[in-house]
Each structure stands twice: as C-alpha cells, then as structure tokens.
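Please keep the sequence and the structure in view while reading.

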Amino acid sequence: MSTTATTPTVTTSGKLDTTKTPDIMKSSRSKTPEKEKKSISIENKLENRLTMKDLSKLQKAFMTEGDGYDNKLALYRDMFCEALSILLDKGTREEYGELFDKIDVAKEGTVDWDKFASHMLLEFYERDDRVKSTQVPQWKDLKMLQSPHKDIVQRVQYLKSSNRYVSISKEGTVGIWGPDLKLSRSFRIATDSCKARDLWVTHFVALQNINKIAVAFTSKEIAIYDMGNKLEFNCQYKVQGMEFTPLCLDYWYNPKDANEAILCWGDVGGYVNCLFFNSANIALFERPPAPAGEKQEPCLNVNLQDVGNETSFKNETYTRHEAHRKEWVRQVKYAHYLECFISCSTTSTNSMVIGWMEKKTGSVTKDQGTSKKIQRISVFNISQGVNTFDYNQHLNIIATAGVNHHVCLWNPHIVSKPNGVLRGHMASVIQVQFIKSRGQLISFSKDKVLRIWDVQLQVCIQRLAGMFPKGPEVVSTLFFDEEKDRSGMERNKMLITFNYQITLMEMKTENRDKIMSHEKPVTAAIYNSVYNQVISVCQAGTMIVWMIDTGQKVKQFNNTHANAEVTCLAQDPTETKLFTGSTDGTVKVWDFNGHCFHTLECGGGQPADIGQILNLKRSVVVVGWTKHITVFPTASLKDFHVQPSEWKGGKEHSEDILCCAFTGPNHLATGSYDGEIVTWNTNSEHISRRLSQRSRRLMLKSQKSFLQARRESASTQRPKSKASQKSGKSQNSGTEETNEFGLAVAKLIFLETRKANSAGGGANLISGGGNGWIRFWNTNHTQLIGEFVAHQQSGSVLMAVDKKNHYMATGDVDGLIKVWDISEHCLHATDDIVNTAPPMKCQFQAHSDMINTLEMCERNERVLIISASSDCSVAMYDVLGNLIGVFGQEEHWKIEPYDPAEEQFQESESEQISKMEEIEEMGELETVVIVEEDNWEPDERAITNPEEYRINTWDNTFLGKNYQELRVQKRERKQPSTIPDLPYLHWERTGHAPAGPYSSLDTQQIQDFDPPKKPNTSYTESVSTASNLPKLPNLVDTLKQPVPEKEIFPKYILDFEAKMKDYHKRQLSQGNSSNAPGILGLKGKLGAGMAKSSLQSIGLQLGKQVLNTPAPKPSKSVKSFKMKSISRRTSVVSTETSQAY
C-alpha cells in the first residue's frame, strides 16, 4: 500500500536561546482575536502570493544556526510573524499568524524550514488535485439508443436550426433524433442513377446556415436535401459529372455573410474538390427558367463542368487539386483561420496535405472571386498514414489519428516533426476530436479504448475501456457535441457508433465550484475523538485523515484493498486502530501511520460484501453478506492472517444481516433484510430476544388474516363499486410493495442515556431502513414503541444520534438531511404505537447524491453532523443546518461556539433600528403619499363642515399608522417605580419577625467579659525586663565552622573594602615618607585626593555618616541583633576612616 503523508514533517526541535520564552509566546497568542475572519479568496491567499524569490529568502533565513532540528533556526509564533513581516511584504501579521497555525498542526509551538516547505508542497499538491478533479470529465452510464439502421452508420451530426440529430447509414437509412436523443422518425433515401442494392452512402454533411444536408453516394454524385419540411425529405440538387467517387464531405459558411460558403469533398482518386458559393442563402445553384406550360423540376441536376460558366452557374466556382496521388482521401476539412484545405490518407507519403489558397487582399473583383486556386501545398509524411484528424483554431494545432497507434500534434506551418506525440493506445487510432472549451482531446482506438488528453500538458487524464459493446472488429465513428443549447447550457454528449449501433455517453453537469473530498464515491466517514480527526474512505480504497478543527488534510493512504471496493470503516474502542472492510471478503486492521497489522478472512477466501464492522471489548463482529454472525476474538489477533471463530448462537436470521449495534454490558442487536431484529448476549453468544413486529413473516401472516376476513365480509355484504375495487387493489399493491422492499433494517443505534428508562417501557433502540421509516423499540419488553416516516418517497434512510441522545439526524438517497429533537420522544411506554414524528429542528440539502454514512460529534460546544456521500464529498454541518465546510476545500475553517438566540436578537434589534431610521427619513423628506384615485374618497365631514373638520395624522396617514405599529411592537422599557413593602426592609419599624437573606441565622446575646488591661510600655520596665534576660553567647563561639566572607557579603562591598584598604596603605606610606607636620596637613591632602577620585569621595561620605549616627539603643528583637552583627564589617571600615581623620 502506498502512503502519502500530508502533514508537515514532525521534527525534534529544541528551545531557542532568545529573550522570549514559550510562556510569553502563549500569552501573545492568546491576544489574537478569536472571532472568525472573513473568507479569503483562493487567489488572495498568502501561500499563492509567495514567489520563488520569497521562498529563497525564507530558506536562507531558516538555514541560519539555531536550536531547532539539525541545528537550524526554529521560530515561535510571534518571532515567525515578525520575521515574515521583515523579509516579505505580502500580508499582515494576522495572515502570518494564520499561516503559522496551519503549519504547526502538531501544536509544538515552533516552525522550522522543514515544516514550512512541507506545508507549501502540500498546498500545491492539493491545488493540483482540485484542478485535476475539475478537469477530468465525469460521465454518466453508457446508453444504447434505439437504432433504425441495419448497416454501418457513416456519421452522426447535429442540426442547429431544427435542434435535432441526424444519422445516416451505409444502406441509406436516415434517422432523425430529438434533443433528448429519442428517435422521432426514420426513412430511406436513394437515387435514380442505379439500383438501391448497388447504392451506398459514403458520407454526409449538414449545411447549417440553409438547413440542408449533402449526401455522397457511390454513384459519383452528391445529393442535397432540404430539412425544412418536416413531412418530406426532398432532394433539391444533385451534383454530378464527377470523375471519382466522393468519400468524405465538409462544409463551411461565413457567419458574417451567410451567402459565402464552401462545400469540399475528397474522392477515391486522391483529389480534394471545392465548390465556392457566392449566394448560398438565396440559392445554391441558379435554376434555369422552365419551358412554357411545364412545371419546375423539384430536383436540379448540376454538372461540375458547367459550374463557373457565365451562362449557367455563374455564382459558383469549382476547383480541385491532387493531394494524395490516387490514394483514398479519408477526411477533408476547410480551415478558415488558415484559408486552406486539410486532407489525409492512410499512406506513409502524403499522409496529410494542406492546400493553401491565395490570400484576399483589398477589394475582390468578380474575376478574382471566380478564380480561386490552390497556390501551394504542405506535405506531412507520417508512418503508416492517418485515419482522421481534427483542427483546433484557438490552439492552431492539428491532431492526427495515426495507424501506428500514436496521436500526433502538428503545427500547420512545420512539416518536419510534430509538436508532441501522445502515446498510450495499443491499437490503431480511428477517431480524434478536440474539446475546445476544456483544452482537451478525445481519441478512440480500434480496440474500443477511449482516452482523454490534456493538450497543453500532453498527458492522458482519463482512460475508458470495457464499457463499450463487445464483439468482433467494427467500424466506429465518434461525434462529441459540446455546443450550447438554447438555454445556454452545454450539451456535452458523445455519440459513438459501432457498425449499426449508436451509443450515448453524456457528461455529468459539473459545478466549477464543486468541492470533492475523494476522486470516487465516499463509502464511510468516522470521527476520532483522541486525535480530533475525521477519517474517510472511498470505493477505490483511498483513506484520508482530516483535521476536524480546520478541515486540513493530514494523511492519505492509497490502495488499502488493492482492486477491491471498500464498503465500510470502523475503529477500535481505544480509537488508535482502524478497520476497513471490502468486497473481497477481508477486513484489514491499520494504525494511523498506514501500517497493516492483520487481515481478517471473513469470506473463507471467497468474495463477500461486508456491511458493518463492530468492535467489542474482547472480539470483533463482522456482518453483511450471510445469515449468521462472524466473530474474531481479540486474543486471536496475533498472526497476520486471522481466521474467524464459530459463533455459538448459530443462525437465527432467515435473511442476510445488514447491520448491528452494541450496548453495555453485553447486549448485541442485529438487523436483517426482512425487518427482523435479534438481540444477543455477547457472553454466551446466544439469542436473547427477538423483535419481529415489523418483519416480513409477521406482516405476511397479518395480511393473510386480513384478506380472509375481508373475503368473509364480502360474501355477506353487497358488492362494491368498480372504483372502490380499483382503489382497494392499488392500496393492497402498495402495502405489498412496502412490506416486500421497505422492511430492511439498514441501521441500528442504542440510546445509551436511556438504559434506566428501558426497564420502565421507554424506547432504547432506534432502527432505520426502507421507505424512509424510523422505528423506536424497547428491547427489554420486545415492544415497538413508535414509528414514523422521516423521508417521504425515499428508498432507504440512515441516522445518527448525539452522545446525550437529544438530536437525531437522518439522511436519504437524495442527499437531504433532517435533524429531529428526540429528547422527549418515546420516553415512556404507551398502549398504542406512537405514529407522530418528533419535532423537526431543521432540514437542508447537504449533498447532490446518496448519503452513505452519518456521524454526530460535539466540538467547541457545538453538535456537529459529518456526512459522506456518493458525490465524492465529506461535509460537516451543525444541528441548526449551518455549513461548517467540506473537507478538501481551499479555505480552512475554525469551529467556534454559536448561539442562535443571540444572533436572532441582534438581527431583530438591527431590523427595528433600520425601520425607525427609515421612518425618520420619510418624516424629514416630507414625502407625499399618492393614493389611487379609484379607491380614494374624500371624507364627508370635510365637505359638509370644513371649518371644524381636522385630520388626525396618527389615524389617517400611512406614516402615523406605521409609527404606531412599531411603537406597539417595540419592547417595553422598565419604568422607575417605588420599592414594595418588603418585610426584610421594615421589620425593625413594624415589629415583625426578621426576614430576608439572614432570617434563618440563629443569633444569641453576647456574653459579658472582663475588660482587657492596658499594657505598660514605659522604658524603665523594658530595661528591667531586659536586664533579667540571660546573656547571649558570642556569635564567634557558637559557630562550629567559619563562614567565608565571600558567601556573606556581596562582591561590590568586598571590592569596595579592598580598594579602601589599598588607598589607606598608600596614604599612610606617603605620610611617613614626607614627615607631615600633623593630622591637619594629612586631612588637607586627603581632601584633595578625594576630590580627584569619585570612588574615594563616596567612601568618605559613607564613613562620615556612620560616625555621625548615634549609638543604637538596646533592641528586644533578635533581628536587630543580627543586623548589628552583619553590619560589623561596615563599622570597622568607618572606624578606620575616622582614624585617618
């Protein structure tokens, strides 16, 4: 199995030697705004704005020495933002912070170059996958059209004017098809030149501007038929007098001048023939006047030798040139952009020839218009020749379908070698056609393999094989209709013929903005609460791990089950291992690194469709393709290939088991195709109870008894009318159909929070399945509590519930999800079955195709719904129907708490404010309301008594009425009022018992106590008490081990003391040498020396302060004694200084 890691490389990075610590980084990160930011377009994304120069700058910056992985630089979040703001000028600090959060998926707190480069590579890979998913066309199933033909179909073409398709076969049968490709009519065409059995149709072409078709016959003539008459298919012209049989046709008309047109054909002699029309919209050929008294012939025979004569056909010009030297011309085409004729044949020489016409310069005279000739030719020699070709005007490229299995792309002006060769076909390529709107090329080979190529990249992006009709070698033609219909939608229909058969392949209507999580339909998706990740798997076996908080792809594992289709996904109770089941009958056990530990052989080596995997405490249960349960004990998971153990309970279901569910301590429930639910004891592995109220067996019994009772009552009562009999039959058939196919149990869920309720008769099990039914069961009493139809006219439904069992989400085959409030539904036992549905909270269209799995989880105070669908997407919504995102989208999301009541309150307030502002603006502008004259009538009081009549503005104007309505609807403000007579406020004055918050407290009267004596704080008493204290020993005597001075005093004090000692020694030595007269002279010199040195002056000042301070009084505390002993060294220094003075 190939593994594609999509997380940044996890590296061991050390701490950075910076002033900022991780705590500071966390505090700075917490200051970032937590509200959701506006979505940024893909083009404006920061990763897409970085250029190669920017990446090289960042690489150089990260390659400096640091404490990260491989001794390279690793940055915290703020450092990362600051570095990018200095190096780049591409965004804001918020964008840099978001980029850091995207890169640091493992939440390590640092980012280095390896992580940054890995993130950028993954961004490009994901973008390429998204582009590829939008470029590769998705096709509907192949359809076989009802064909009226009995021989090889020569061509299929679309008629724009009549919005129909036309097909003509070799024997001359014409088929007319409607826009929906349903055959409307068919008929046979022929010519009088030869017998019908000797006549073949070689080709035809539609003349789009005049609603006609030109058909080439083996009788060396071209017949032009009118398609305007829906009843008849009249032949108007026959072009005769040809030297060789025409094989292929092409037609072009000038969209700016409908009268200018060209009809060209290639024949078996290697010639390319051209007919130029100057009045095509009026008449292709001028009809000569009919003789007097005779009717005009409906069909005009045109001889090529007469074309161009001034007497007969003067508005037409005929020319030809030999292109392929007596070789059959397989295809011919006029390219107006190049003003040339392109033709091909199946020979190695002159394989493709371009005949260049003379360029039109200036005004074209009559003579110049009639003398159209080929000036020069370009010859392309291709090995083994060319079957067909197509020309793309926008790319100016000719694609040739080679007999040598290659598709070559040619520049029309370069004949030496092709621009590109598309290799991949294993047989001769017989058809090619450009998809111009997509820049792609379709090629079809003789071995019935269809390939679609990207022209610019020159790679095959899709290969289709095995779906076409099988059989011997056939003649095929291809027509892809990419034009837009009248409503503006692209038709995108591809018609491929196989002899007389016509097949249709219709491209699915693609949404350019569609987000695809997988390339194939997603079969399962689960939520992992340990790693906060979502794991999804598709039919092709691709398993992808996503971050639920951002939607970012973390890992991808391909080909988990080789070529087998993966059907289900599960995880063990510890949520550290994954289980995948497929149609090959095996279950594989994986870890989150893509390593396969075990392969559980469920089908005994035979293919088996596994429906569900359930992990119990001591075993793994697998169901889905048989009528019994397959179990693997956990103790047996030692070898790589594990065989199942025997289930002791045996076979209790009469149909295949589709699903199962487990609840503690030992209850297992299984549901089968016939609607029966069986509960098991997992310890003994024997059946416990059977829920069969909605099984097929009991339904058939009840139906038989009902029919018997009906027959008995019918024999005694009078016969019913025919209408009632018909309605009864229809109702009966409907119930039979419902009982036959609508009883299958597709999903079972135990309600874990209702275990205690189940003993009292409440529902503790939910089942969902066919025809949209949801049923609530009580497994203790084997009773059906309630049932309702969740989805009308739905084949099958799935459901999921949250952990608290408050909400249930249901999904159907159309991609619709409904959320139900089941917190109060079927909580208690009832005599009758509850048929009412629980309250529906919301419904929304989550997917465009069938929903395969539903999962509910809770994250950041929001209940989320994860859905996987056959439309290749995995989406996440909340229970209110708000879209969180689709896994695989370009923009990442952030899940935050959501309060709908607060949002509705804010919306209502904003609406009221906006309405009030509108009313005020209307009042300021003094707008006049004009009432319709038909409905308006003046008040009689205004006519009879105009002096006393007054108009009430509030009652008689729209402005007043609207203002009054708004005032009524506006919320009432709380007006100030008096405080009510509360007991706890006035109980002292009124004499009532105390009340209020302290009324329950038991308070007692305070007891009497002796007044405290005031302490004597006189000095004499303290001295006397101090004198009675024993004498403390000296500190030196108590010390057992001398403490060095370096550990007691700071370094600056010791340095200061050393400097002072040195200074005193120098001063004393100078005094002794100079025999100073006295202390006064020494004091003067010392003062002069101290003025010179600031350090010495500070020492003298400190010494003076110590000498001037009075002696401390005797203290009572030990602390003052310690401080005195500690400052002993300072006093010694000051004493020495005083001696110097």
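Which residue in E38 is the bridge partner of tryptophan 590? The partner is cysteine 596, and this pair belongs to the antiparallel pairing of strand E37 (residues 586–590) with strand E38 (residues 596–601), which runs over five bridges. The model is a predicted one, and the points below should be read with that in mind.

**The sheet containing E37 and E38**

- Strands E37 and E38 are part of an open sheet of five strands, which has the order E35-E36-E37-E38-E42 and mixed pairing.
- The edges of this sheet are formed by strand E35 (566–571) and strand E42 (641–642), each of which pairs on one side only.

- Another open sheet of five strands, with mixed pairing, has the order E7-E8-E9-E10-E14, and its edge strands, each pairing on one side only, are strand E7 (201–207) and strand E14 (300–303).
- Neighbouring strands of this sheet are turned by 20° against each other on average, when direction is ignored.
- Within this sheet, strand E8 (residues 212–217) and strand E9 (residues 221–226) pair in the antiparallel sense over six bridges, and alanine 216 has isoleucine 222 in E9 as its bridge partner.

**Helix H3**

- Helix H3 spans residues 52–62, and its buried residues include Asp54, Leu55, Leu58 and Phe62.
- These four residues lie on the same side of H3 because they cover an arc of only 95° around the axis.
- On the other side of H3, the residues Met52, Lys53 and Lys60 are exposed.

**Nonpolar cores**

- The largest nonpolar core has 25 residues, of which Leu275, Leu284 and Phe285 touch the most other members.
- The elements that give two or more residues to this core are E7, E8, E9, strand E10 (235–240), strand E11 (246–253), strand E12 (261–267), strand E13 (271–277) and E14, and E12 gives the most, with three residues.
- Leaving aside residues up to four places away in sequence, leucine 275 touches Val239, Ala261, Ile262, Leu263, Trp265, Phe285, Leu304, Val307, Thr317 and Tyr318.
- In soluble globular proteins, nonpolar side chains tend in general to be buried together.

**Serine 162**

- Serine 162 is found in the loop between strand E3 (153–159) and strand E4 (164–169), where its side chain makes a polar contact of 3.3 Å with the side chain of arginine 164.
- Although serine 162 and glycine 228 are 66 residues apart along the chain, their C-alpha atoms are separated by 8.1 Å.

**Histidine 653**

- Histidine 653 is placed in the loop between E42 and strand E43 (657–663).
- Histidine 653 counts as buried because its relative accessibility is 3%, the cut-off for buried being under 20%.
- Polar contacts join the side chain of histidine 653 to that of threonine 670 at 2.7 Å and to that of serine 672 at 3.3 Å.
- When residues up to four places away in sequence are not counted, histidine 653 touches Lys627, Thr670, Gly671, Ser672, Glu676 and Val678.

Notes: Residues are numbered from 1 along each chain as its sequence is written. This is a predicted model: local features need pLDDT of at least 70, side-chain atom pairs count only at pLDDT 80 or more; totals for chains, interfaces and linings use all residues. Side-chain values use heavy atoms; hydrogens and water are left out. Two strands pair if DSSP finds at least two bridges between them. Buried means under 20% relative accessible area, exposed over 50%, partly exposed in between (1.4 Å probe, protein chains only). The arc is that of the directions from the helix axis to the C-beta atoms. Axes are lines fitted to C-alpha atoms, for helices over the stretch in contact, and angles run from 0 to 180 degrees between N-to-C directions. A polar contact is a pair of N or O atoms within 3.5 Å; within protein, one must be able to donate a hydrogen and the other to accept it, and residues adjacent in sequence count only if both atoms are side-chain atoms. A nonpolar core is a set of buried Ala, Val, Leu, Ile, Met, Phe, Trp, Tyr and Cys residues joined through side-chain atoms within 4.5 Å. Contact means heavy atoms within 4.5 Å.
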